[in-house]
Amino acid sequence: MKTTLGLLLSLTSAISLAATDLPQRKAGLWEHRVQMSQTGGFTHAVHVCTDGSLDDMAIQQGVSNCSKLDIRQEGDRITVESVCQAGGSTATSRGSFSGDFTSHIAGQVLTTFSPPLNGMQQNTTRIDARWLGPCQAGQQPGDVIMQGLPGGINLNELMKRMPGAR
């Protein structure tokens, strides 16, 4: 679960960072279908209530933990290369994303960890994120609902408590 949450935070940061030169994600409820090689190809469906503040905080958190961040547009794709610190490990990632970034984002991120993070040396994460509509009644920006995570979490609150948070 700890690794899944870490990858979710990294992925949220990567999507937000990839979108810095593009239209901001539409506020509301997004479904992220996430498939990680470390889970044997199992797809997690994660629902995230988002607004501009979540993306802004993810960008700030991502930048504060990264020594390298390179975002480029290559044709109809956005590529992101980064070197970041994660849980005592150096995470080197290369991702490629496409979509209109207001209602759909799809991509893949390959990350290597040195030293291995919780025994994981490498992970490929595939994501397909779609805007579902407004957040549900009672949801706050940053609220995440994920199978196996009773009650969910709030990414804004989690990122505020991380080392290096602003």
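Mentor: A disulfide here is a pair of cysteine sulfur atoms within 2.5 Å. This is a predicted model, in which local features need pLDDT of at least 70 and side-chain atom pairs count only at pLDDT 80 or more, while totals for chains, interfaces and linings use all residues. Residues are numbered from 1 along each chain as its sequence is written, and side-chain values use heavy atoms, with hydrogens and water left out.

Trainee: Fine. How many disulfides does a search of the whole structure find?

Mentor: Two disulfides turn up. One of them joins C49 to C135, with an S to S distance of 2.1 Å. C49 sits in strand β2 (residues 43–50) and C135 in the loop between β7 and β8 (143–146), so this pair links distant parts of the chain, 86 residues apart. Strands are DSSP runs of E with at least two residues, and helices are runs of H or I with at least four, numbered from the N terminus.

Trainee: Which hand does the disulfide of C49 and C135 have?

Mentor: The torsion about the S-S bond is about 105°, so the disulfide of C49 and C135 is right-handed.

Trainee: And is C49 buried or exposed?

Mentor: C49 is buried, because its relative accessible area is 2%. Buried means under 20% relative accessible area, exposed over 50%, and partly exposed in between, with a 1.4 Å probe and protein chains only. C135 has 25%, so C135 is partly exposed.

Trainee: What about C66 and C84?

Mentor: They form a disulfide with their sulfur atoms 1.9 Å apart. C66 lies in strand β3 (residues 66–74) and C84 in strand β4, so the link ties together parts that are 18 residues apart in sequence. The link of C66 and C84 is right-handed, with 85° about the S-S bond. C84 counts as buried because its relative accessibility is 13%.

Trainee: What pattern do the disulfides follow?

Mentor: The pattern is 1-4, 2-3, counting bonded cysteines along the protein chain.

Trainee: Now the strands. How do β1 and β2 pair?

Mentor: Strand β1 (residues 28–36) pairs with β2 in the antiparallel sense over eight bridges. Two strands pair if DSSP finds at least two bridges between them. C49 comes up again here, as the bridge partner of L29 in β2. β1 and β2 form a hairpin with six residues between them, and G40 in the turn has a positive phi of about 70°.

Trainee: How many bridges join β2 to β8?

Mentor: Three bridges join them, and β2 and β8 run antiparallel. V48 has V144 as its bridge partner in β8.

Trainee: Where does N118 lie?

Mentor: N118 is in the loop between β6 and β7 (120–133). N118 is exposed, because its relative accessible area is 54%.

Trainee: Last one. What does T79 touch?

Mentor: T79 touches D70, I71, R72, E74, R94, G95 and S96, not counting residues up to four places away in sequence. Contact means heavy atoms within 4.5 Å. T79 is in strand β4 (residues 77–86), and T79 counts as buried because its relative accessibility is 3%.
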